[in-house]
Amino acid sequence: MSDQTAPLQKFYVQSEDHRWVLLAPDVEAAALRFTQLVFRGCVRGKQSVSPTMRLIDEARYQKIAMTFGETVNVSESGFNGEHVGIFNRDDVIELWKQQMESLESIIRKME
């Protein structure tokens, strides 16, 4: 897990046509933040809390997932620069989904 006190670094992160320049404490955090940004369009807004509540709109998720590449490439020197991290798409998306499930659980407990 990333050190939250580490200074932020600039990273160029891409997968297929998705590209973001972002700040993160390390390469792994950059890949996860990128995934959060790409998939933010499938996160539902305010809704009533219930035992079956889901933050992810599955139909939107599927559309976005189809545009995501096989890898998430992270560079410190531009989109065409040397990759300091190459992450498997499924691993990064699974970590993001776990975070979303944890968030759902926290929200349910607050109600």
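This is a predicted model: local features need pLDDT of at least 70, side-chain atom pairs count only at pLDDT 80 or more; totals for chains, interfaces and linings use all residues.
Two residues are said to be in contact when heavy atoms of one lie within 4.5 Å of heavy atoms of the other. Setting aside neighbours within four places in sequence, Val72 is in contact with Val13, Gln14, Ser15, Ala31, Phe34, Gly85, Ile86, Phe87 and Val92. The elements around this residue can now be taken in turn, beginning with the sheet.

The sheet is open and has four strands, arranged in the order β2-β1-β3-β4 with antiparallel pairing. Its edges are formed by β2 (18-24) and β4 (83-88), each of which pairs on one side only. On average, neighbouring strands are turned by 25° against each other, direction ignored. Within the sheet, β1 (residues 9-15) and β3 (residues 71-75) are joined by three bridges in the antiparallel sense. Val13 has Val74 of β3 as its bridge partner.

Helix α1 (residues 27-38) packs on this sheet and touches β1, β2, β3 and β4, with its direction at about 130° to that of β2. Another helix, α3 (residues 89-110), lies across β3 and β4 and runs at about 75° to β4.

At its N-terminal end α1 is capped by Asp26, which has a side-chain oxygen 3.2 Å from the backbone nitrogen of Glu28. The helix is mostly covered, with nine of its twelve residues buried. Those buried residues are Val27, Ala29, Ala30, Ala31, Leu32, Phe34, Thr35, Leu37 and Val38. Together they pack against β1, β2, β3 and β4, and also against α2 and α3.

These elements come together in the interior. In soluble globular proteins, nonpolar side chains tend to be buried together. Here the largest nonpolar core holds 28 residues, and the members touching the most others are Val13, Phe39, Tyr61, Val72, Val74 and Trp96. At least two core residues are supplied by each of β1, β2, α1, α2 (58-66), β3 and α3. The largest share, eight residues, comes from α1.

Conventions: Residues are numbered from 1 along each chain as its sequence is written. Side-chain values use heavy atoms; hydrogens and water are left out. Two strands pair if DSSP finds at least two bridges between them. Axes are lines fitted to C-alpha atoms, for helices over the stretch in contact, and angles run from 0 to 180 degrees between N-to-C directions. A nonpolar core is a set of buried Ala, Val, Leu, Ile, Met, Phe, Trp, Tyr and Cys residues joined through side-chain atoms within 4.5 Å. Buried means under 20% relative accessible area, exposed over 50%, partly exposed in between (1.4 Å probe, protein chains only). A polar contact is a pair of N or O atoms within 3.5 Å; within protein, one must be able to donate a hydrogen and the other to accept it, and residues adjacent in sequence count only if both atoms are side-chain atoms.
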